[in-house]
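Here is my note on this model. Please keep the structure open while you read the points.

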Amino acid sequence: TAFNRHGGKMIVWHGMSDPLPNPVETIDYYNSIRTRFSHSRRHADKTEDFVRLFLLPNVGHCGGAAPGGPNAWDPLAALEQWVEEGVAPEEIIASRVTDGVVTRSRPICAYPAVARYVGSGSIDDAANFVCKDPRDRDRDHRR
C-alpha cells in the first residue's frame, strides 16, 4: 500500500521452468496483491497501475534459458518507460540470441495474458503473436 501510495512501479518476473522457487508461488503472491487491492474501494482494480507480472516460458532460475528459450529481454527499459512516460507495459519482447543473431522472438505478456500465434507468418517472429487474456476469448491485447 505504501509503495503504491508513493507512486512506485514494479515489474515482477519469473521463469516458468524455475524449479525453486516454483513460479506458482510468484503467481500466488501477485494474486494476493490483486485480492488485497480488490477489497479496497479506494484501490479497486488498480493493481495493474503499479505492478505487472511477466512469466517467461522455458526460463529457469535467475534467467537461465533452456535451449530454445528466450535469453534476452529488457524489463528495465519497460520499467523506465512506465515511470518516466506513464506507459505501463502490456508486453515485453524477449528474444533467443545465438552467436549474436536473434533466432526467435516472442512477446512476454503481462499476466494473465499469454502470447497466441495469429495463424500466419513465422512462429519465430514476435510480430506474429498477440497477447490474449485466456479468460476473454474475444479481446486481444495488441501492441
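1. Start with a term. Two strands pair if DSSP finds at least two bridges between them. Strand 5 and strand 6 pass that test: they pair in the antiparallel sense over four bridges. Within this pairing, Val114 has Lys132 in strand 6 as its bridge partner. Bear in mind throughout that this is a predicted model.

2. Next, look at strand 6 itself, residues 129-132. Are its faces covered or open? Both are covered. Phe129 and Cys131 sit on one side, Val130 and Lys132 on the other, and all of them are buried.

3. Now move to strand 3 and strand 4. They run antiparallel and are joined by eight bridges. Arg96 stands opposite Arg104 in strand 4. The two strands form a hairpin, with two residues between them.

4. Stay with that hairpin and check its turn. Asp99 lies in the loop between strand 3 and strand 4. Its phi is near 50°, a positive value in a residue other than glycine. That deserves a remark, because most residues other than glycine have a negative phi. Is Asp99 buried or exposed? Asp99 counts as exposed because its relative accessibility is 80%, and the cut-off for exposed is over 50%.

5. Asn58 also has a positive phi, near 60°. Asn58 is placed in the loop between strand 2 (51-56) and helix 3 (75-85). With a relative accessible area of 31%, Asn58 is partly exposed.

6. Check two peptide bonds as well. Most peptide bonds are trans. The bond that joins Leu20 and Pro21 is cis, with omega about 5°. Pro21 is in the loop between strand 1 (10-15) and helix 2 (23-38). The bond from Tyr111 to Pro112 is cis too, with omega near 15°. Pro112 is found in the loop between strand 4 and strand 5.

7. Cys109 is worth a stop. Cys109 lies in strand 4. Why is Cys109 called buried? Its relative accessibility is 6%, and buried means under 20%. Which residues does Cys109 touch, leaving out those up to four places away in sequence? They are Leu53, Phe54, Glu90, Glu91, Val114, Ala115 and Cys131. Take Phe54: 55 residues separate Cys109 and Phe54 in sequence, yet their C-alpha atoms are 6.2 Å apart in space.

8. How many salt bridges are there? The count comes to four. One of them joins the side chains of Glu90 and Arg52, at 3.2 Å from N to O. Glu90 lies in the loop between helix 3 and strand 3, and Arg52 lies in strand 2, so this pair ties together parts that are 38 residues apart in sequence. Glu90 is partly exposed at 43% relative accessibility, whereas Arg52 is buried at 8%.

9. Another salt bridge links Asp124 and Arg104, whose closest N and O atoms are 2.8 Å apart. Asp124 is in the loop between strand 5 and strand 6, and Arg104 is in strand 4, so the pair ties together parts that are 20 residues apart in sequence. Asp124 is partly exposed, with a relative accessible area of 30%. Arg104 is partly exposed, also with 30%. Recall that Arg104 in strand 4 stands opposite Arg96.

10. Asp133 and Arg135 form a salt bridge as well, with their side chains meeting at 2.7 Å, N to O. Asp133 is buried at 5% relative accessibility. Arg135 is exposed, with a relative accessible area of 60%.

11. Last, the largest pocket. About 360 Å³ of space lies in it. Its lining has 22 residues, and Leu55, Pro57, Pro107, Ile108 and Ala115 lie nearest the centre. Which strand gives the largest share of the lining? Strand 4 does, with six residues. Strand 3 (91-98), strand 4 (101-109) and strand 5 (114-117) each supply at least two. By type, the lining of the largest pocket divides into 14 nonpolar, five polar and three charged residues.

Terms used:
Residues are numbered from 1 along each chain as its sequence is written. This is a predicted model: local features need pLDDT of at least 70, side-chain atom pairs count only at pLDDT 80 or more; totals for chains, interfaces and linings use all residues. Side-chain values use heavy atoms; hydrogens and water are left out. On a 1 Å grid over the protein atoms alone, a cavity is a set of points where a 1.4 Å probe fits but cannot get out, and a pocket is an open set with protein on both sides within 12 Å along at least five of seven lines; lining residues have an atom within 4 Å of a point. Grid points are joined across faces, edges and corners, and a volume is the space filled by probe spheres set on the points. Ala, Val, Leu, Ile, Met, Phe, Trp, Tyr, Cys and Pro count as nonpolar, Asp, Glu, Lys and Arg as charged, and the others, Gly among them, as polar. Buried means under 20% relative accessible area, exposed over 50%, partly exposed in between (1.4 Å probe, protein chains only). Contact means heavy atoms within 4.5 Å.
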